[in-house]
Amino acid sequence: MDSCGIAGGGTPPFGQLDPPPGHPAGSSGSDTAHAPKLLEQTIWVAGSAVEVAWGIAANHGGGYQYRLCPEGEPLTEECFTSTPLEFVGDKQWIRFDNGNPHTAAISRLREIPAVRVSGDKVLPVNSTWTKNPIAGCKINGAREKLPCLGPTMVPPLLDETFPYGGGAEPGLYGFGGGHCMGNVSRNASVRCTDMEYGNAVFNFAIVDLVKVPEHIPPGNYVISF
C-alpha cells in the first residue's frame, strides 16, 4: 500500500489502466518524480479556517480526512497522520459546476448536514473523519452502463431530482462518470455517448471547512485526502 494510492488502481494488467496525467499505471502516488508542479500555490494562515473541496469520478462511498506532510519529508502514512486537519462545524456544501471560473454565473452552492466521526473509531485516534454524503447505486453499483436502481441510503437534496442516477428518484446520488467505464473500459459496449456521459458525470464538488493547526511551522506542505 502507498500513502497516496496507486495510479490507475493497480499494476497492469490489474486496475483501471487509465492513470492521471504524468503517472504510469501502477506507479506509487507518493513518487513525486511523476507529479507535476502546481501552476498556482495556495497560501494558508496558521490557525485559520480554509475551504477544501473534492470531486467524485466513481462513487464507492466511504469517507475522508485531510492531512498534511512537510514538503521534502517521505510521504508516508506516519507523516500524514501526524498532522490531520480538523473539520470546522457540522455543515458542508455541494458546489455545482465545480466552481469553474468560466461558468461562475451559473455555479450554485447548496448546504447539507455533514456526518462527522471521531474518537477511537478514527485513525489517528480523536481526529475527525467525514462521511461521503453522496449515495451510490444499490444492487449493481451502476458500473459499465448498468442502470442505477436507486440510492443505497437517503441522499441529500431531496427537493431536487438529478440525472446522475437516472432521475428515477429525488436526491443527489449515482455512480458518476465511472458509469461509462470500468475494468473492461476498452470494450465499446460499455462506453457512453457524449450525452450519456454528460448525464452520468458529477459536475459538482463537495466542500468543507478545515482548520489549519495554530502551531504548524511555516513552509511548504503536501496535502493528503
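This note comments on the salt bridges and the pockets of a predicted model.

1. Overall count. A search of the whole structure returns eight salt bridges. The points below take up individual pairs and one network.

2. E51 and R95. These two side chains form a salt bridge with an N to O distance of 2.9 Å. E51 belongs to strand 1 (residues 49-54) and R95 to strand 5 (residues 91-96), so the contact ties together parts that lie 44 residues apart in sequence. E51 has a relative accessible area of 45% and is therefore partly exposed.

3. K145 and E196. A salt bridge joins K145 to E196, and their closest N and O atoms are 3.2 Å apart. This pair links distant parts of the chain, 51 residues apart: K145 sits in the loop between strand 8 (129-131) and helix 2 (194-200), while E196 is in helix 2. K145 is partly exposed at 31% relative accessibility, and E196 is likewise partly exposed at 33%.

4. K211 and E214. The closest N and O atoms of the salt bridge between E214 and K211 are 3.2 Å apart. K211 counts as partly exposed, because its relative accessibility is 36%.

5. A charged network. Salt bridges also link R108, R110, D159 and E160 into a network.

6. Largest pocket: volume and lining. The largest pocket has a volume of about 1800 Å³. Its lining consists of 42 residues, and those nearest the centre are L38, Y221, V222, I223 and S224. Strand 3 (67-70) and strand 10 (221-224) are the elements that each give two or more residues to this lining. Strand 10 provides the largest share, with four residues.

7. Largest pocket: residue classes. The lining of the largest pocket comprises 23 nonpolar, 12 polar and seven charged residues.

8. Second largest pocket. This pocket holds about 730 Å³ of space. It is lined by 26 residues, with W54, I56, A57, A58 and H60 nearest its centre. By class, the lining of the second largest pocket divides into 13 nonpolar, 11 polar and two charged residues.

9. Points to inspect in the structure.

Notes:
Residues are numbered from 1 along each chain as its sequence is written. This is a predicted model: local features need pLDDT of at least 70, side-chain atom pairs count only at pLDDT 80 or more; totals for chains, interfaces and linings use all residues. Side-chain values use heavy atoms; hydrogens and water are left out. A salt bridge is a side-chain nitrogen of Lys or Arg within 4 Å of a carboxyl oxygen of Asp or Glu. Buried means under 20% relative accessible area, exposed over 50%, partly exposed in between (1.4 Å probe, protein chains only). On a 1 Å grid over the protein atoms alone, a cavity is a set of points where a 1.4 Å probe fits but cannot get out, and a pocket is an open set with protein on both sides within 12 Å along at least five of seven lines; lining residues have an atom within 4 Å of a point. Grid points are joined across faces, edges and corners, and a volume is the space filled by probe spheres set on the points. Ala, Val, Leu, Ile, Met, Phe, Trp, Tyr, Cys and Pro count as nonpolar, Asp, Glu, Lys and Arg as charged, and the others, Gly among them, as polar.
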